[in-house]
Structures are given as structure tokens and as C-alpha cells.
Amino acid sequence: MISLTDIATQAPVASWWLDSPVSSDWPCHNFWAHWAVFSAGIIIGVLLVVMAFIWFERRFIAPMQLRIGPNRCGPFGLLQPVADAIKVLMKEDIVPAVADKTVHFLAPILIFVPVLLMFAVIPFQNGVGLIPDLNVGLLFIVAVGSIETVAVFMAGYGSNNKYALVGAMRSVAMMVSYEMPMALAAIAVIIVSGTLSMQGIVMEQSVPFALLLPMSFIFYFTCALAELQRTPFDLLEAESEIIAGYHIEYSGMKFAMFYLGEYAGAIIQSAIIVTLFLSGWKGPILPPFVWFLIKLFAVFGMIVWFRATWPRVRIDQLMEFAWKYMLPLSLINLLIVAIETILWDPVQWWLVPVNIVITAVLLTGWAGMFKLRGGSEVGA
Amino acid sequence: MALKLAGYGLMQGLFVVLKSMTRKRITEQYPEERLTVSRRTRAQELVWDPDRCTGCATCVKACPQGNIKIKTSIGPDNKYVVEKFENDEGRCIFCGLCVESCPYEALFFGRSYERSQYQRNQLVADIDEMTSPEKEKSAYYRPELYDSLPEQTLLIYRKHKRIL
């Protein structure tokens, strides 16, 4: 518990009060005050970071395609997302005549709310967050995150449009398939750290779990791409095939909610990857919150880089990749991690190179056995 | 073989994309930066030389749109005097047949491509506009002008102005 008098009397260093954990009744010894402060902070912060992400993606992908990106609206085009937001809010909200009105109305709300809920358990720095030390934090994230599948299907079904329905069906199939290796990759982290609390997982990471559990990291990242419907798994909103997937019939504010949900999803998945695998807010010299933001943008930068490079997979390739490649390998990975944890607890440093070698051997070996139907074989 | 199967191509692609970040950007920053058009361009205007024109109206006959209007009268030494010479650039298809058909090389293509107007009737070019000294002549079907015109800027040769 920190009060203003403490800060005044103890002559703090610049980031002293930011560095220490915040109890769940800060400020005013009242949980609801804490809840109000952090809810408002998270909502405002998410909106700001969404705009920053949109700007960052457009500016970062531009040089990869030999372009410059937005540069007219404000310095370095920084006000472009603001202008886009104003434009999209002023557009007419069109509801198709034959749509299921209630479902059509609820879907954009339901797609954004779970993403916001997931921010509740993310520690933005040491113990600072709404409930960062929730003892079922990761379970909460996995549980709340799966609500999005329902929202996507509601959007596709409620629009009464065949392209939207095709997009939604693909989306449901994909999300259900990729939830499983995703959860299995997260379970490996839980086994090593011995806790479900996000704060606890960060505290356990003397070495980032991305190095200690490289296979879990790669699988979680891949599944996060699938959950976010980003390239190479963006086939459910493929512009060239099914126009925009499940949100084709949405316009104006409701479309903005989908867009917001998509980018807020990118933030939360980046934040989860940072927390689980990249040792969260930990880092030298700079204040922890800055480290968290740097890592957040680095992970999102990787996602943008993939988007600029990789082609889109087919639906059958997508399914086979999930069920024949990722799922068995995550189970094997889980077994290896469990054995390692039983034999050498606490985790030893020399496991890092060993695990990297095991990952390389397993990934390449399984890839040799893994064949996709159709198309031509690579390197044959 | 096994390495290639395990996403070797994907990784290679990533680094190709990363390398391309260091290359010159090809976007043209239009209002600040203008490219020089081809010397033989067929741009969106006609330039007329009143001294060479005899008022024979070959261009009018050549125009597939029936777009050029010319009105002549007999002058003092029994020659045509052009009273009215108009081209509606809103209807012109810039085929260049008038320029090619002119027997006295009095009609040229211009080089300007910034010809937008708010009203259609502002697009009708009359004698004053077609003879205005600011208009540059294109070397289209007039090879003698070719060497006097600046070289075209191709995107690959362009000097980049850095605008962010």
C-alpha cells in the first residue's frame, strides 16, 4: 500500500513508486476505487495503443513494400489513425434487411469485451494491473478468449450473407483447432513456473521462457497468429476470396468495433506472449513499463513482418497443420518439459541449449514426415 | 532436404523482406515531387501555332470525336483568317490524329497533365488558351522537338527527395 505521504517523505527516485507492487485496495483502501482507476486506465490505454499499433503497422510494413506509408496527417502521419477513426464513426450504420437484428447488433460488442477482460490479469509492471496476481490468471485468459469464437460466428450468422457465413465457419473451425496447441503450449509454461498467476509467471522467469521452452514459444506464437487471423492464417477474412469474411455486412461504428477488437486482440496476444515467454516487464536500466511496451511492439513488429512476407494457407493445410503437426508435437513437448521439471527442479541453465536442440530436431524431423495433400513438394 | 522442409523457405523469405527495407522507396510524393513525362507524351492539351496555321481544317476532318471547332474568314490578301479555334478537352480522347494530320505542323500536343477543372465548360480550350506561351510542346509526331525537351524521369533513375 502506497500513499501520497509515503512518496513525499521517502524522497523517491524517479520510478520508485512505479516499481513496487500495487495492492488491490490502492488507492483509498477501497477495491472499487482500484477497479475504477485501472478499468479506466486499461480502456484508455488500449484505445491509445490500438491507434499506435495501426500507425506502427502501416509505417512498418511500408518500407518492406518499398513505400513510405501514411505521412500527410500530422507529423510522420501520426494523426492518420485519429482521422480514420473519425471517418469511420461518421459513416452510416447499415443493417441488412434480412439480418438477424439482435445477433447482428450483439456480435461487435461481444468481440471486443472479452479482449478487454483479458487485460485485467496482465501485469504491466511489477504487480501493477487490475488483478495481475489472480491465482487462475492464465486459465481466465484461455476461458475468456474462447468467447471470441462465439462472437465471430454470431457476426457471420447474423449478417445473413453467404460470404460472411463462409468466413465465420472457417473462423470457428480454425479457432477451435488452434485453441488446443495454444493451451498446451501455455501448460508447458505453467509446469515450469508452477503457477497460473501472470505476475507469478513473470517473477519465475530468471531466464526468458522463450529460450527455455523454445517449442512452446514457437507454437504459442503460431497459434496467436491464427487466433488473431493474421497472415499466414488470414484466410477467413481473405480480401481476395471472401471479401472481408464475417464482417462484410458491417459498417460505421460496428465495423469500427471489429477493427478495434482485431487490434486490441493483437495487443493482448502480444502482451500474453511478452508475459509468458519474454519475461514480461523485466529488463535492465529502463523503467519496467517501458520495457513492457518495447517488448509489446517488438512482438507486434514480428507479426507485421510475417504479414509482409508469407502467403496465405489453404483451409485444408490449416487444419492439417493444426491437427497433424502442432497437436502431437505440443503433446511431445509437454512430456519433455514435464520430465525435465521432475528431474531438475528448479530449472537449470544448461537446459536452454538442450531444449533448443531438441526443438530443432523435433520440428525438422516431424516436418519431414508431414506431407500436405496437393500442390508440389518443396525442394523435391 | 529435411531442413528445407522445416520452413527454410519461409525464413529465407523473411530475410528477403528485411533486406528490401534498405532499398530506395519508389513512392512518388506527388504535389512536392513531379516526374518529368516522356518527351513524346500525349498529354491532356493541344498547343496551336497561329503563324503556321492556314485554316485548312484538316484537323477538324481528322478528329473522330468531331471535337475541334474552327471558324475562318477571308483575310485581306485572300487567305484564311482563323477567328475561332476550339477543342473541348473534356470530350477529347487524345488520339493525336489531328496532330498527325496537320499538313503545316501547326498543331502540337502539350505536356501538361494537371488539367482538372471544377466545371466541364472550363475544359473547352479556345485560341487564347491554346496559344498561351506557358504551354510546352510535346515531341509527339514532331521529332524535331525531341532533343530540346528534358529526359523522362524513370522511377529507377529518380533522385529522391526525402519527405516523411
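These are my notebook entries on a few things I looked up in this predicted model.

**Ground rules.** I number residues from 1 along each chain as its sequence is written, with chains lettered from A and ligands numbered from 1 in the order in which they are written. Since the model is predicted, local features need pLDDT of at least 70 and side-chain atom pairs count only at pLDDT 80 or more, while totals for chains, interfaces and linings use all residues.

**Chain B, overall.** I looked up the secondary structure of chain B and got 4 helices and 5 strands. Helices (H or I, at least four residues) and strands (E, at least two) are DSSP runs, numbered from the N terminus. Read from the N terminus, the order is α-β-α-β-β-α-β-β-α. Chain B has 164 residues, and 17% of them are buried (20 or more other C-beta atoms within 10 Å of the residue's own; exposed is 12 or fewer, partly exposed is in between, and C-beta atoms are placed from the backbone).

**The sheet.** Next I checked strand pairing, which takes at least two DSSP bridges between two strands. Chain B has an open sheet of 3 strands in the order 2-3-5, paired antiparallel. Strand 2 (68-74) and strand 5 (124-125) are at the edges with a single partner strand each, so one side of each has no neighbour in the sheet. Strand 2 and strand 3 (residues 80-88) of chain B share 7 bridges. Across from B:Thr72 I found B:Val82, in strand 3.

**B:Glu105.** Where is B:Glu105? I found B:Glu105 in the loop between helix 3 (97-101) and strand 4 (107-109) of chain B. B:Glu105 counts as partly exposed because 13 other C-beta atoms lie within 10 Å. Leaving out residues up to four places away in sequence, B:Glu105 touches B:Arg52 and B:Arg142; contact means C-beta atoms, placed from the backbone, within 7 Å. I also checked B:Leu14: it is 91 residues from B:Glu105 in sequence and 57 Å away in space, C-alpha to C-alpha.

**Cores.** A nonpolar core here is a set of buried Ala, Val, Leu, Ile, Met, Phe, Trp, Tyr and Cys residues joined through C-beta atoms within 7 Å. The largest has 95 residues, and A:Leu213, A:Tyr220, A:Ile267, A:Ile273 and A:Leu276 touch the most other members. Helix 13 (residues 252-277) of chain A gives the largest share of this core, 14 residues. I then looked up A:Ile273: beyond four places in sequence, its contacts are A:Tyr220, A:Phe221, A:Ala224, A:Leu278 and A:Val299. A second, separate core has 17 residues, including B:Cys102, B:Phe109, B:Ala125 and B:Tyr140.

Conventions:
Two residues are in contact if their C-beta atoms, placed from the backbone, lie within 7 Å.
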